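Have a look at the picture first, then read on.

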Amino acid sequence: MEHVIEELARIVQAVSKSPSQARQVSIIVESISRFMAVDVCSLYIADDNSTMQLIASHGLDRAAIGKVGLPAGVGLVGQVTKSGRPVNIGDAKSHPAYFYVAETHEEYFKSFCGVPLLRAGEVIGVLTVQSRQQRKLDEKEEAFLVTLAAQLVLLATSQTIPLILGNIVNTRITGSKASPGVAIGQVNICDSGGLFSVVDAACDNVEEAVTEWHRILDLVRNEIELERQLFGDKVSDNTLGIFGAYEMLLSDQSLVEGVESLIRQGNWLPGAVRQTIQNNANIFLAMEDPYLRARHEDIIHLGNKLYIAWKGTNVQQRYDGEAIILAGQQVSVSDIARVPAGKLVGIVCFEGSSYSHTSILANALGIPAVMDTGDIMAMHNGDTLIIDGYQGQVILQPDKSVAAEFLALVKQDRELDEQLMKLAGEPAVTTDGQVVQLLTNTGLLADISPGVRYGAEGVGLYRSEIPFMVNENFPTEDQQVSVYRQVLQAYQGKPVYMRTLDVGGDKQLPYFPLHNEDNPALGWRGIRFGLDNEAILLTQIQAMMRANEGIGNLHIMLPMVSARHELDQFHVLVNRVFSQLQSAGSECSLPPVGITLEVPAAISQLPFWKDKIDFISIGSNDLSQYLLAVDRNNARVSGYFTNTSPAVLSEIRRTIEICRELDIPVSLCGEMASDPVAVVILVGMGLHSLSMSASKLLRIKWLIRSISFERARELAEKALTLDNPAAIRQLIEEELKAMKLDQIIV
Ligand code: PEP
Ligand code: MG
């Protein structure tokens, strides 16, 4: 077996070109048989009952595929599962575990080697090869199989069995709950490319690849022209300039000839594109000038466009349907912003966690979302899809009866919302008279009006980074004034807490590359980034204060404060802007300044900061992330991230007590404020101001108006004596059920 690495690369290349999972697994089994010169290669995947289903085979009777299932532990496959190690024997029939399956007609084959597909220590499948000859595989061959099995773990799981076998009608795929609600709509795939995961591989046919390269260049050129037309009347000329820049980059000889020359040197097309794009991007990345440096993002974006065109997944998003579901590896904030108002009904991300900003935005917009479903290759543009945000599931190609069932649920949800509308003008007050202030979180202009409609008493968190994230360039001061003014005006007479730009970590600006950091969440983010980019921060403060002229409800909130000097520095800047505006004749006022309490170290420093902060809003998302040492975007550890962690709850209680002693107003604006279970505890702990997505306001108000403060206090006290999140949740959920509030349990 020569050239193992090249063969692996070739298989990866062939698999990545193939659009369906069914085809991908069959390419793998065929390639293995041919390369290893064995008669059979098969793939078994464990279904939900731990039965090993034969889902692909080269060499066994085709009729057996999808029909044969080996119960747990049965046969040589069962032996691999039990031991979690390869079973490699020359004479299979002589092995005590041998089990003959008539449908496969495997009686002709003597040798057997099976290797496990391991995920988190569990055997989720078995890859086997068999030969007519009585020949045990050598070490190198066994290692090759083990390597491929590791690749297959990503591709084939129990959830993908129906996809691979091709019967996907009504297939349910479970991910994680990101935003509640149920929706039915048409899929629009967002493909962000993934160019940088392309490996180098040998080019089979140089001339064909060069011709293909020029075809792709033309394709992307046409696509860009189409986009220019599509956006023509929606964005400024300044923004349209980006399309001209892309066209120039596409015609640049260093790209066109660079790729061609790498192909001629023997790299396959995607490898040549990745290498050339990487080289060109690095040149820009090394530049001093921040504007030019930011162009490296454009080059990478273009590279991904070229790669998407090569894969053939570049279907122009037209948003034809009335109900659009965005789906993809990742669905970005700008993907969401691009869907015409009112058409977006759901979001599915193959990766990512429920605490990502895509989820937060989905919650803000009241759109059901499911994250971390794993790659769903069988999903195509235009397919009908159901999203069940309550269960964290999606249902592919629902048939009529399933669709009808879900349409009834959608109707029920809508009816509850309609019924609750009567509470919009009512106060959120407990049955024994404790008033709770309910504010809303916003960021997109699109979510301002729902908050007003549902009776929000102000904006508890305006995430100013969102308008920055959906723009193609830094918004100018005037553009910012106009956006901020719309928000302040919409809530005239009510407080608006505008947070300064909170970028870094998982919030990236497409046009301002932040340095790669080993621990971005612990790095250059929030106010740290702001103070180091004084010009950006000064412009923002000035825009906020100008927007507030004549309205007067602005409060400025600082993200990620962890040290006293940050507050001192910020006050110097605010005062500077204030005097400059005043000397220019403005009638602006100095707004109250406070912090989002997100860094645990802030809690014990509050007494030292008292003279510098007018209010506090607890950012429970980041506070939990830092207290629990759990990356809020990492789906693998998302199980640790809960709204009922005893540690987080007791730190919040400590914060409330310190604020009471220091007489600092305190609110909470993280996702906990939208979770009815957490709300009971928070209110019971004495927190009487909450800020949440507009879509949750009325449900939370209903809850508060249904419970007494006294009962909430008792429950909070009891909850704080429990040592695990599940027990705390169960305690409160039982109470909510007893109060007939089941419908709002998320
Ligand atoms: C938080 O961390 O709780 C918060 C509200 O800020 P963001 O989610 O925008 O980081
Ligand atoms: Mg935060």
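Keep in mind that this is a predicted model. Let's start with the metal: the magnesium ion (ligand 2) is coordinated by Glu 598 through OE and by Asp 622 through OD, at 1.9 to 2.1 Å. These two come from distant parts of the chain, 24 residues apart. Glu 598 sits in the loop between strand S19 (593-597) and helix H20 (601-609), while Asp 622 belongs to helix H21 (residues 620-628).

Are these two residues buried or exposed? Buried means under 20% relative accessible area. Glu 598 has 3% relative accessibility, so it counts as buried. Asp 622 has 2%, so it counts as buried too.

Now for ligand 1. It's surrounded by 15 residues, and the closest are Arg 463, Arg 499, Gly 619, Asn 621 and Arg 632.

| Residue | Part with the N or O atom | Distance |
|---|---|---|
| Arg 499 | side chain | 2.8 Å |
| Glu 598 | side chain | 3.0 Å |
| Ser 620 | backbone | 3.1 Å |

Taken alone, ligand 1 exposes 290 Å², and the protein buries 100% of that. The space taken by ligand 1 is the second largest cavity.

Which element gives the most to the shell around ligand 1? That's H21, with three residues. Helix H12 (357-365), strand S16 (459-463) and H21 each supply at least two residues of this shell.

Note on methods:
Residues numbered from 1 in each chain as written. Chains lettered and ligands numbered in written order. Predicted model: local features only at pLDDT ≥ 70, side-chain atom pairs only at ≥ 80, totals over all residues. Heavy atoms only, no water. Donors = N, O, S within 2.8 Å, 3.2 Å for Na, K, Ca; no water. Helix = DSSP H or I, 4+ residues; strand = E, 2+ residues; numbered from the N terminus. Buried < 20%, exposed > 50% of the residue type's maximum accessible area, 1.4 Å probe, protein only. Near = heavy atom within 4 Å. Polar contact = N/O pair within 3.5 Å; in protein donor to acceptor, adjacent residues only side chain to side chain. Areas by Shrake-Rupley, 256 points an atom, 1.4 Å probe, with all protein chains shown as cover. 1 Å grid on protein atoms, 1.4 Å probe; cavity = no way out; pocket = protein on both sides within 12 Å on 5 of 7 lines; lining within 4 Å. Sits in = over half its atoms within 2 Å of the grid points.
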